[in-house]
Amino acid sequence: MVREGLIEHEHGRTWFRLLGDPASGSPLLCLHGGPGSTHHYFAPLQRLAAEVCPVVLYDQVGCGRSDARPGVRWTLEVFLDELDLLRAELGLSSVHLLGTSWGGMLALEHALRRPGSLESLTLSSTLASASEWAGEARRLRDELPEPVRQVLERHGLDRTGLDRQGETDVPDEPEYERALAQFDARHFFRGDPQRPELALMRAQRAPEVYRAMWGPNEWTITGTLRGWEIRHRLHELQLPTLVLRGRYDLCTDTIARTLLEGISGAREVVFEESSHTPVLEETERYLAVVREFIDASAASSASIDRPYPGTGKPRST
């Protein structure tokens with residue numbers, strides 16, 4: 001069973017794909033990164049629909065196949081509203097929630113607001129503090145060969161000038177693009193950059209959303225997520241939590257440690273041959289780890305009937 005559609009709401013329209021029957025158990029709901037990316041690099045996760053539980057993918061508003069209304073101000077609340085509406089419209093009273101990078105930030109915020117409606121939480125290559133992330137990204141940038149680092153610095157990527165949407169000018173010179181590609185080859189995807197899932201993502205992503213919410217690059221935060229901080233609330237999360245990352249990830253040891261020390265009982269899996277996209281870099285192991293975690297979480301789930309706001313349906317057990 002595969003269902004696709006568009007959900008209209010005040011911020012625009014959200015495209016989704018549901019694989020499997022949600023009546024058969026709590027689905028795996030996947031939140032992609034960015035901000036401004038697309039669902040395409042989650043393609044391998046669709047296999048889990050035939051193996052462990054239904055799977056829900058979607059493009060966040062303004063990205064991929066999801067349209068934004070003119071004048072949308074890009075803030076965290078827009079995406080939290082969209083996620084609430086998506087769950088209500090699809091009747092997802094209980095889910096296993098997986099978020100990568102920015103999607104992990106969104107997952108953390110959603111988990112804190114709707115704790116009783118989640119069976120498990122998978123935090124993949126993500127963060128609990130924007131300032132900590134930017135600091136670690138800056139450190140990784142500074143480990144690049146000196147000529148590459150000088151190119152990035154020469155293009156003024158540490159500027160802080162803002163317009164009202166939090167956007168900045170981003171250099172488009174080939175020299176800059178080549179330098180940034182070297183950073184990505186180390187820390188975003190350690191493989192063929194023309195891989196189809198990534199090519200589709202690049203073709204449909206929304207860089208204006210990334211600039212408005214984050215900034216011109218990973219180490220310079222000028223957008224509406226500047227100052228985002230959730231480290232002090234991690235202790236509130238009381239559910240099975242899995243932290244995933246690549247050995248060469250933007251999610252460094254320091255960033256992962258913050259999550260592991262803050263969330264009681266959280267456990268970690270490191271993918272030794274991966275960077276920021278282990279779902280594509282070490283697909284078989286990634287799927288096996290997620291599959292095992294969902295199976296274990298579902299088996300130990302408490303039988304609590306707790307409706308998800310807007311659905312009127314009890315939590316699945």
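Reply:
**A sheet and the helices around it**

The bridge partner of E4 in β2 is R17, where helices (H or I, at least four residues) and strands (E, at least two) are DSSP runs numbered from the N terminus. This is a predicted model, in which local features need pLDDT of at least 70 and side-chain atom pairs count only at pLDDT 80 or more, whereas totals for chains, interfaces and linings use all residues. Residues are numbered from 1 along each chain as its sequence is written, and side-chain values use heavy atoms, with hydrogens and water left out.

Strands β1 and β2 (residues 12-19) run antiparallel and are joined by eight bridges; two strands count as paired if DSSP finds at least two bridges between them. They belong to an open sheet of eight strands with mixed pairing, in the order β1-β2-β4-β3-β5-β6-β7-β8. Because β1 (2-9) and β8 (267-271) each have a single partner strand, they stand at the edges, and one side of each is left without a neighbour in the sheet. On average, neighbouring strands of this sheet are turned by 20° against each other, direction ignored.

Helix α1 (residues 76-90) lies across β1, β2, β3 (28-31), β4 (55-58), β5 (95-100) and β6 (118-124), and runs at about 130° to β1; such angles run from 0 to 180 degrees between N-to-C directions, the axes being lines fitted to C-alpha atoms, for helices over the stretch in contact. Helix α8 (residues 253-262) also packs on the sheet, touching β6, β7 (241-246) and β8, with its direction at about 180° to that of β7.

Within β1 sits H9, which is buried at a relative accessible area of 9% (buried is under 20%, exposed over 50%, partly exposed in between, with a 1.4 Å probe and protein chains only). Leaving aside residues up to four places away in sequence, H9 touches T14, V61, R69, E82 and L85, contact meaning heavy atoms within 4.5 Å.

The 13 residues of α3 should span 18 Å at 1.5 Å a residue, in agreement with the 18 Å between its end C-alpha atoms; the expected span is 1.5 Å times one less than the number of residues.

Side chains of opposite charge can pair when their charged atoms come close. A salt bridge here is a side-chain nitrogen of Lys or Arg within 4 Å of a carboxyl oxygen of Asp or Glu, and by this rule there are 20 salt bridges. One of them joins E136 and R139, whose closest N and O atoms are 2.9 Å apart; because these two are three residues apart in helix α3 (residues 130-142), they are separated by about one helical turn. In this pair E136 is buried at 11%, while R139 is partly exposed at 37%.

In α4 (residues 146-154), E153 and R149 are four residues apart and likewise separated by about one helical turn, and their side chains meet in a salt bridge of 2.7 Å, N to O. Here E153 is partly exposed at 38%, and R149 is buried at 16%. Finally, R245, R247, D253, E268 and E272 are linked in a network of salt bridges.
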